[in-house]
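Subject: Structure handover

Hello,

Here is the structure I promised to pass on. Please open it next to this email and follow along.

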Amino acid sequence: MSVDSGSTSMAARLGIKPGMVVQELGWDEDADEDLRDSVVELAGGDMVDEDSDEVADVVLLWWREEDGDLIDALVDSIASLAEDGVVWLLVPKSGRPGHVEPGDVTEAAPTAGLQQTSSISAAKDWSGIRLVTPKAARSRR
């Protein structure tokens with residue numbers, strides 16, 4: 001399979017590298033297939049789901065306003081995350097159905113034990129919010 005540099009740049013912006021284990025949570029029919037395909041291509045293997053026992057380097061969490069409790073979802077997203085792993089919270093962009101207010105993420109992340117580091121335009125209709133465990137918390141794991 002040839003790798004299209006345009007699509008793999010989507011995954012590269014998320015820090016995906018060949019050989020990484022990427023866990024996907026919260027997939028639904030509205031998830032961006034181009035982004036998903038680029039992650040699979042660049043990582044070199046299928047994403048794992050919530051039932052996997054593998055330690056994930058990156059978790060892609062698709063989240064919409066109506067999906068329930070964001071804190072619970074974030075706590076679940078770090079259950080199998082590697083010590084230096086990253087959670088990408090993927091939320092619909094402003095004006096799209098299911099948009100999540102930035103303040104909701106700002107409030108939920110620290111409660112779940114995560115710290116927001118950056119935000120990007122991850123795909124046409126999706127924003128990506130990069131979340132990590134704070135360094136102090138990592139050293140106690």
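Is Glu33 buried, exposed or partly exposed? Glu33 is partly exposed, because its relative accessible area is 34%. Keep that residue in mind, as it comes back below. One caution before the rest: this is a predicted model.

Now look at two of the pairings. Strand 1 and strand 2 run in the parallel sense and share 4 bridges. In that pairing, Gln23 has Val59 of strand 2 as its bridge partner. Strand 2 (residues 56-62) also pairs with strand 3 (residues 81-92), again in the parallel sense, over 6 bridges. Ala56 stands opposite Leu81 of strand 3.

**Around the sheet**

Helix 2 (residues 33-43) belongs to another unit: together with strand 1 and strand 2 it makes a left-handed β-α-β unit.

Strand 1 is covered on both faces. Val22 and Glu24 are buried on one side, and Gln23 and Leu25 are buried on the other.

Val21 counts as buried because its relative accessible area is 17%, and the cut-off is under 20%. Leaving out residues up to four places away in sequence, Val21 touches several others, including Val48, Glu54 and Val58. Val21 and Val59 are 38 residues apart in sequence, yet their C-alpha atoms are 8.6 Å apart in space.

**The salt bridges**

How many salt bridges does a search of the whole structure find? It finds 5. Here are some of them.

Arg36 sits in helix 2. Its side chain meets that of Glu24 in a salt bridge, 2.6 Å from N to O. Arg36 is in helix 2 and Glu24 is in strand 1, so this pair ties together parts that are 12 residues apart in sequence. Glu24 is buried, at 9% relative accessible area. Arg36 is buried too, at 18%.

Arg36 also forms a salt bridge with Glu33, where the closest N and O atoms are 2.9 Å apart. Arg36 and Glu33 are about one helical turn apart, because they are 3 residues apart in helix 2.

Which residues does Arg36 contact, leaving aside its neighbours within four places in sequence? They are Glu24, Trp27, Ala31, Met47 and Trp62.

Another salt bridge joins the side chains of Arg96 and Asp125, at 2.7 Å from N to O. Arg96 lies in the loop between strand 3 and helix 4 (102-111), and Asp125 in the loop between strand 4 and strand 5, so the pair ties together parts that are 29 residues apart in sequence. Arg96 is partly exposed, with a relative accessible area of 32%. Asp125 is partly exposed as well, at 28%.

Best wishes

How values were computed. Residues numbered from 1 in each chain as written. Predicted model: local features only at pLDDT ≥ 70, side-chain atom pairs only at ≥ 80, totals over all residues. Heavy atoms only, no water. Pairing = 2+ DSSP bridges. Helix = DSSP H or I, 4+ residues; strand = E, 2+ residues; numbered from the N terminus. Buried < 20%, exposed > 50% of the residue type's maximum accessible area, 1.4 Å probe, protein only. Right-handed = clockwise from strand over helix to strand, strands pointing away. Contact = heavy atoms within 4.5 Å. Salt bridge = Lys/Arg side-chain N within 4 Å of Asp/Glu carboxyl O.
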